[in-house]
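Student: Could we go through this structure together? I would like to start with the aromatic side chains.

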Amino acid sequence: SAGYKDAAAVLAGGVLEQHMRSMCVSKGIPLLKSNGKHKMINDMNDELAKAGAYNALKKKQVTAWADLRNNAAHGNTTAYTISDVESVLRDVSAFCANIS
């Protein structure tokens with residue numbers, strides 16, 4: 001509401017990523033790649049969908065939310081609107097509340 005759409009997009013993405021880490025732990029999905037690096041959100045998304053945590057449509061939504069967050073984090077702030085961020089805030093909140 002204060003006009004900080006970029007910061008809100010990055011924070012929403014961080015909340016999403018942390019929730020997905022928690023989901024991976026509860027499903028027994030490792031958080032590290034074979035090279036010892038942390039899995040990125042798209043890696044976790046692929047594995048969670050494969051494990052049946054959610055369907056293909058939700059997987060695509062997570063990919064879109066992650067893309068918006070990445071655009072915000074890397075300064076590509078014209079790739080999305082405040083309305084997009086408002087939708088992400090609402091949808092990520094619902095995702096975190098309803099899918100575990």
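Student: Is Trp65 buried or exposed?

Tutor: This is a predicted model, and in it Trp65 counts as buried, at 8% relative accessibility.

Student: Which ring does Trp65 pair with, and what kind of pair is that?

Tutor: Trp65 pairs with Phe95. The ring centres are 5.6 Å apart and the planes stand at 70 degrees, so the pair is edge-to-face. Trp65 belongs to helix α3 and Phe95 to helix α4, 30 residues apart, and the pair thus links distant parts of the chain.

Student: How many aromatic pairs does the structure hold?

Tutor: It holds two aromatic pairs. Tyr54 and Phe95 form an edge-to-face pair, with 5.7 Å from centre to centre and 70 degrees between the planes. This pair also links distant parts of the chain, since Tyr54 is in the loop between α2 and α3 while Phe95 is in helix α4, 41 residues apart.

Student: And what do the ring pairs make of Tyr54, Trp65 and Phe95?

Tutor: They link these residues into a cluster. Tyr54 counts as buried at 9% relative accessibility, and Phe95 is buried at 2%.

Student: Let us turn to the core. Which residues of the largest nonpolar core touch the most other members?

Tutor: That core has 24 residues, and the ones touching the most other members are Leu16, Met20, Leu48, Tyr54 and Phe95. At least two core residues come from each of α1 (5-27), α2 (41-50), α3 (56-73) and α4 (82-98). The largest share, six residues, is supplied by α1.

Student: What does Leu16 touch, leaving out residues up to four places away in sequence?

Tutor: Leu16 touches Ile41, Val62, Trp65, Val92 and Phe95.

Student: New topic: how many disulfides are found in the whole structure?

Tutor: The search finds zero disulfides. Cys24 is in none, and the nearest cysteine sulfur, that of Cys96, is 13 Å away. Likewise, Cys96 is in no disulfide.

Student: Why does that distance matter?

Tutor: A disulfide is a covalent bond between the sulfur atoms of two cysteines. To count as one here, the sulfur atoms must lie within 2.5 Å, and the sulfur of Cys96 is 13 Å from that of Cys24.

Student: Are these cysteines buried or partly exposed?

Tutor: Cys24 is buried, with a relative accessible area of 0%, whereas Cys96 counts as partly exposed at 22%.

Student: One last point: where does the charged end of Lys5 sit?

Tutor: The charged end of Lys5 sits over the ring of Tyr80, 3.9 Å from the ring's centre.

Methods: Residues are numbered from 1 along each chain as its sequence is written. This is a predicted model: local features need pLDDT of at least 70, side-chain atom pairs count only at pLDDT 80 or more; totals for chains, interfaces and linings use all residues. Side-chain values use heavy atoms; hydrogens and water are left out. A nonpolar core is a set of buried Ala, Val, Leu, Ile, Met, Phe, Trp, Tyr and Cys residues joined through side-chain atoms within 4.5 Å. Buried means under 20% relative accessible area, exposed over 50%, partly exposed in between (1.4 Å probe, protein chains only). Helices (H or I, at least four residues) and strands (E, at least two) are DSSP runs, numbered from the N terminus. Contact means heavy atoms within 4.5 Å. Rings of Phe, Tyr and Trp (its six-membered ring) pair if their centres lie within 6.5 Å; planes under 30 degrees apart count as stacked, over 60 as edge-to-face and the rest as tilted. A charge sits over a ring if NZ of Lys or CZ of Arg is within 6 Å of the ring centre and within 35 degrees of the ring normal.
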